[in-house]
Amino acid sequence: MEPIPYRRPWLSVISLLSAAAFAFAVCSAVSCSRGGRTAPMAADAAEVAGDVPDGGLGLEAAPAADGSRDEAGVAPRDGEKGIAGDLPSEEAEAMFVSMDIPAEVRARMMGVSYPEGAAVPLEDLRYLRLPYIGFDGRTRVGEMVCNKVIAEDLLSIFRSLYEARYPVRSIRLVDDFGGSDEESMAADNTSCFNYRAVSGGRKLSKHAYGLAVDVNPLENPYVRGTSVKPAAGAHFADRSRAFPHKIDSSDLCCRLFREHGFSWGGNWRSLKDYQHFEK
Ligand SMILES: [Zn+2]
């Protein structure tokens, strides 16, 4: 075989350059799809994001495939697959955001959770993005509207819940349920602001001021005599037994809200509202 003394080194250099280019391309692709450290959430958000309000961070996902139901009989919602595992802590930290109500969110709220003539100015409300761990262990980013005076409390509380992997079913605006507290509760949705009266009364609820939060309401229903809300939560009205996602006075969620000066509806005497924390 005739040797080719001067071509071989060039071929090697060309091969090396090709390999480097290939490696770079693969690295870039992996970095984009997995959320590399340099351009992390922008890439991830673009890949799994749905509607992103102005200035907000999006993280929504592909439709849930299995259509299964869990022990409480609630089917996963389409478009809520989330992402497996935890976000790296710096990325998660950056996703806990409080801001003035963005124009897009304002449009969603008008005439739904926020009626014309509401006594609480929109300027007093804040829009929060809250990463959380779903009942399936996957990470999602929820949306919440609250009063500005508790925005920092809620960021801190939900950050602690996230770090402890405390499961929350969903965190969506009641506007996604047509402003219906009943429907939001029946879907086991955690929420705050809703311009409405107290259940069964005329007085404005603390929710109308964005000063109350309901957490995992299906497993932690409102109980007044024989009346249970949501109705599907009747199974969980008996608090003498243990079951997953039950809020009691030793529960982490309850402790965190207490530390931030909130009172818990589970301590009320005339009725019990195990999902409810207010300030
Ligand atoms: Zn409530």
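Colleague: Which residues does Leu154 touch, not counting residues up to four places away in sequence?

Modeller: This is a predicted model, in which local features need pLDDT of at least 70, side-chain atom pairs count only at pLDDT 80 or more, and totals for chains, interfaces and linings use all residues. Residues are numbered from 1 along each chain as its sequence is written. Two residues are in contact if their C-beta atoms, placed from the backbone, lie within 7 Å. With residues up to four places away in sequence left out, Leu154 touches Leu128, Met144, Cys146 and Val213.

Colleague: Is Leu154 buried or exposed?

Modeller: A residue is buried if 20 or more other C-beta atoms lie within 10 Å of its own, exposed if 12 or fewer, and partly exposed in between, with C-beta atoms placed from the backbone. Leu154 has 25 C-beta neighbours inside 10 Å, and therefore counts as buried.

Colleague: In which helix is the place of Leu154?

Modeller: Helices (H or I, at least four residues) and strands (E, at least two) are DSSP runs, numbered from the N terminus. On that basis the chain has seven helices and eleven strands. The place of Leu154 is in helix H5.

Colleague: What length does H5 reach from its first C-alpha to its last?

Modeller: H5 covers residues 151–163, which is 13 residues. The expected span of a helix is 1.5 Å times one less than its number of residues. For H5 the expected value is 18 Å, and the helix comes close to it, reaching 18 Å.

Colleague: Within what arc do the buried residues of H5 fall, seen down its axis?

Modeller: An α-helix has 3.6 residues a turn, so residues three or four places apart point the same way. The buried residues of H5 are Ala151, Asp153, Leu154, Ile157, Phe158, Leu161 and Tyr162. The arc is that of the directions from the helix axis to the C-beta atoms. The buried residues line one face of H5, because seen down its axis they fall within an arc of 160°.

Colleague: At about what angle to S2 does H5 run?

Modeller: The elements against which the buried residues of H5 pack include strand S1 (97–100), strand S2 (125–133) and strand S3 (139–147). Axes are lines fitted to C-alpha atoms, for helices over the stretch in contact, and angles run from 0 to 180 degrees between N-to-C directions. H5 lies across S1, S2 and S3, and its angle to S2 is about 5°.

Colleague: Which strands stand at the edges, each with a single partner strand?

Modeller: Two strands pair if DSSP finds at least two bridges between them. By this criterion there is an open sheet of three strands in the order S1-S2-S3, with antiparallel pairing. One side of two of its strands is left without a neighbour in the sheet, because each has a single partner; these edge strands are S1 and S3.

Colleague: Which residue in S3 stands opposite Leu128?

Modeller: S2 and S3 form a hairpin with five residues between them, and Gly137 in the turn has a positive phi of about 80°. Their antiparallel pairing extends over nine bridges. Leu128, for its part, stands opposite Met144.

Colleague: How many of the nine residues of S3 are buried?

Modeller: Val145 touches, among others, Ile101, Met109, Leu125 and Tyr127, not counting residues up to four places away in sequence. S3 is largely enclosed by the rest of the structure, because its buried residues number nine of the nine.

Colleague: Which residues of the largest nonpolar core touch the most other members?

Modeller: A nonpolar core is a set of buried Ala, Val, Leu, Ile, Met, Phe, Trp, Tyr and Cys residues joined through C-beta atoms within 7 Å. The largest one has 45 residues, and those touching the most other members are Tyr132, Met144, Val145, Cys146, Leu154, Leu161 and Phe257.

Colleague: With which residues is Asp86 in contact, leaving aside its neighbours within four places in sequence?

Modeller: Asp86 is found in the loop between helix H2 (40–48) and H3. Asp86 is partly exposed, with 16 other C-beta atoms within 10 Å. From C-alpha to C-alpha, Asp86 and Arg140 are 9.5 Å apart in space, although 54 residues apart in sequence. Leaving aside neighbours within four places in sequence, the contacts of Asp86 are Ala92 and Thr139.
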